[in-house]
Amino acid sequence: MGFKVLGQFFMTEVLAQLEYLFRILLAIFFGFLIGSERRKRTQSVATRTLTVVAFGASLMMVISKYGYTDVPGFDAARMAAQVVGGIGFLGAGVIFVKNNLVNGLTSAAILWVTAGMGLALGAGMYIIGISSAILILLMQYAFFNVAYFDKEAYNGCVRLTVVQKPGAVEEMEEFLLEQQVKVIGAKVQKVKKGEIKLEFDVIFPAGFKKSGLLSKLAEMEDVLAASE
C-alpha cells in the first residue's frame, strides 16, 4: 500500500496524472462554453450545470479507467457506465409536463450529450471529445439562428395584469386567438381591488414574434402589464 502511494510521485506517474488532469480541465472548458451558449438563450440548464456535468463525467471516466489498474481483471467501464444512469436522473429533473405539453427535453438531451463529451475527453479521446463539443455548439447556434428550425410551433406563457371587469378573461383570450396564438390553459388571480392577473399557457405558431404581441397588448387600454 505504501509503495503504491509513493509510486504516484515518480516522474512517469506524475506526468501521467497531469495528463489526466488536462483531460478534466479540457472537459470543464468545453462544458463552460456549451453552458455559456445556452445562457445567452436564457435556458434553465446553462453554465454552472453543464460545467459541473462535464467535470464529473470526465473525472469518473479517469477514475474508472485508471484508478483500478492494480486490481486483477478490473472492469474499466463499470464506474463510467454509471454516469449514463446518473445523467438520466438529472435529465428527468428538468423535464416536466404541463397541459399535455412536454418541456425540457432539449435541456435533458444537452445534459446527456455534454456528459458524453466529458466521458470521451476523460478517456483520452481528444478528437472525438473536442469535435463533439464543437458540434454541440454549432447545433445550438443553428437551432436558434437558422430559419428552417423556426418552422415549428412552440409553447410558452403570456402573463397579463388587466382591469377587472365582466368578460375580461374572454376578451384577452379572444385577442390571443385573433393573433393566431392557441390558448391551452388559463389561470386567473385577483391581485388587488380593480385588477386581476391572468396567466395563459399558449402555443405560438411557427416563426411567431412574441415582441410584436407584447407591444399590441401593452397598447390596449385595459392591459396594465404584459410579459411572457
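Among contacts (heavy atoms within 4.5 Å) between residues at least 6 apart in sequence, 65% join residues at least 24 apart. This is a predicted model, in which local features need pLDDT of at least 70 and side-chain atom pairs count only at pLDDT 80 or more, whereas totals for chains, interfaces and linings use all residues. Residues are numbered from 1 along each chain as its sequence is written, and side-chain values use heavy atoms, with hydrogens and water left out.

**Overall make-up**

- The secondary structure comes to eight helices and six strands, where helices (H or I, at least four residues) and strands (E, at least two) are DSSP runs numbered from the N terminus.
- Read along the sequence, these elements follow the pattern α-α-α-α-β-β-α-α-β-α-β-β-α-β.
- Buried residues make up 33% of the 228 residues in the protein; buried means under 20% relative accessible area, exposed over 50%, and partly exposed in between, with a 1.4 Å probe and protein chains only.

**Packing of α2 and α6**

- The helices α2 and α6 pack at an angle of about 5 degrees with their axes 9 Å apart, the axes being lines fitted to C-alpha atoms, for helices over the stretch in contact, and the angles running from 0 to 180 degrees between N-to-C directions.
- That angle makes α2 roughly parallel to α6, given that angles under 35 degrees count as roughly parallel, over 145 as roughly antiparallel, 65 to 115 as roughly perpendicular and the rest as oblique.
- Residues of α2 including Phe22, Leu26, Phe30 and Leu33 meet residues of α6, among them Tyr126, Ile130, Ala133 and Leu137.
- By class, the contact of α2 with α6 has eleven nonpolar, one polar and four charged residues, where Ala, Val, Leu, Ile, Met, Phe, Trp, Tyr, Cys and Pro count as nonpolar, Asp, Glu, Lys and Arg as charged, and the others, Gly among them, as polar.
- In α6, the residues Gly129, Ala133, Ile136, Gln140 and Ala142 are buried, and what covers the buried residues of α6 includes α2 and α5 (105-122).
- The end C-alpha atoms of α6 are 28 Å apart, which agrees with the 28 Å that its 20 residues should span at 1.5 Å a residue, the expected span being 1.5 Å times one less than the number of residues.

**Aromatic pairs**

- The structure holds three aromatic pairs; rings of Phe, Tyr and Trp (its six-membered ring) pair if their centres lie within 6.5 Å, and planes under 30 degrees apart count as stacked, over 60 as edge-to-face and the rest as tilted.
- One of these pairs, Phe22 with Tyr126, is tilted, at 6.1 Å centre to centre and 50 degrees between the planes.
- This pair links distant parts of the chain, with Phe22 in helix α2 (residues 11-40) and Tyr126 in helix α6 (residues 126-145), 104 residues apart.
- Phe22 counts as partly exposed at 44% relative accessibility, and Tyr126 is also partly exposed, at 24%.
- Phe29 and Phe30 form an edge-to-face pair, at 5.2 Å centre to centre and 70 degrees between the planes; Phe29 is partly exposed at 44% relative accessibility, whereas Phe30 is buried at 9%.

**Individual residues**

- Arg78 is found in helix α4 (residues 78-92) and counts as exposed at 58% relative accessibility.
- The C-alpha atoms of Arg78 and Met61 are separated by 9.4 Å, although the two lie 17 residues apart along the chain.
- Gln180 lies in the loop between α7 (168-178) and β4 (182-192), and is exposed, with a relative accessible area of 57%.
- Phi of Gln180 is near 70 degrees, a positive value in a residue other than glycine. Most residues other than glycine have a negative phi.
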